[in-house]
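I opened the notebook to record what I looked up in this structure, entry by entry.

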Amino acid sequence: MTFVVTENCIKCKYTDCVDVCPVDCFHEGPNFLVIDPDECIDCTLCEPECPANAIYAEDELPEGQEQFIEINAELAEKWPVIDTVKDPLPDADEWVDKPNKIDSLEK
Ligand code: SF4
Ligand code: F3S
């Protein structure tokens with residue numbers, strides 16, 4: 001199994017999640033983070049850390065978020081590892097919980 005970053009991370013990127021990951025499996029893009037499914041050891045530590053509640057186990061994804069399994073796997077191969085917390089994106093608090101943010105995903 002793996003954990004998966006879902007839509008609500010887009011345009012927020014709070015990065016609290018990366019601080020607790022024991023195997024550094026988060027990868028960073030311009031406005032989103034993903035988890036490398038080949039590295040995640042299902043430790044569960046990141047899930048409660050995300051202020052946007054964007055992280056789920058792959059078998060507990062909310063309806064409509066299933067496509068993020070493939071998006072995480074695909075982009076983890078392309079984006080660099082992030083293992084240090086940084087400031088969220090400037091308008092993160094305005095974008096959190098907005099619908100249809102997938103249209104803004106920058107790859
Ligand atoms: Fe990292 Fe654990 Fe989260 Fe997987 S579940 S991404 S290993 S913190
Ligand atoms: Fe994104 Fe939440 Fe991490 S918003 S960067 S998954 S703390």
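This is a predicted model: local features need pLDDT of at least 70, side-chain atom pairs count only at pLDDT 80 or more; totals for chains, interfaces and linings use all residues.

**Entry on Thr44.** I looked up Thr44 and found its place in the loop between S3 and S4. Because its relative accessibility is 40%, Thr44 counts as partly exposed. Its phi is near 75 degrees, a positive value in a residue other than glycine. I set beside this the general rule that most residues other than glycine have a negative phi.

**Entry on Asp42.** I then turned to Asp42, which is found in the loop between S3 and S4 and has a positive phi of about 60 degrees although it is not a glycine.

**Entry on Glu39.** Where does Glu39 lie? I located Glu39 in the loop between strand S3 (33-35) and strand S4 (55-57), and I wrote it down as partly exposed because its relative accessibility is 41%. Glu39 also belongs to a negative surface patch, which it forms with Asp38, Glu70, Glu74 and Glu77.

**Entry on the core.** Which residues touch the most other members of the largest nonpolar core? That core has 32 residues, and I listed Phe26, Phe32, Ile35 and Ile55 as the ones that do. Strand S1 (3-5), helix H1 (16-20), S3, S4 and helix H2 (67-76) each supply at least two residues of this core, with H2 giving the largest share, 4 residues.

Technical notes. Residues are numbered from 1 along each chain as its sequence is written. Chains are lettered from A and ligands numbered from 1 in the order in which they are written. Side-chain values use heavy atoms; hydrogens and water are left out. Patches are made of residues with over 30% relative accessible area and no salt bridge: like charges are joined within 9 Å, nonpolar side chains (Val, Leu, Ile, Met, Phe, Trp, Tyr) within 5 Å. Accessible areas come from the Shrake-Rupley method with a 1.4 Å probe; for residues, only the protein chains shown count as cover. A salt bridge is a side-chain nitrogen of Lys or Arg within 4 Å of a carboxyl oxygen of Asp or Glu. Lys and Arg count as positive and Asp and Glu as negative; His and the chain ends are not counted. The place of a charge is taken as NZ of Lys, CZ of Arg, CG of Asp or CD of Glu. Buried means under 20% relative accessible area, exposed over 50%, partly exposed in between (1.4 Å probe, protein chains only). A nonpolar core is a set of buried Ala, Val, Leu, Ile, Met, Phe, Trp, Tyr and Cys residues joined through side-chain atoms within 4.5 Å.
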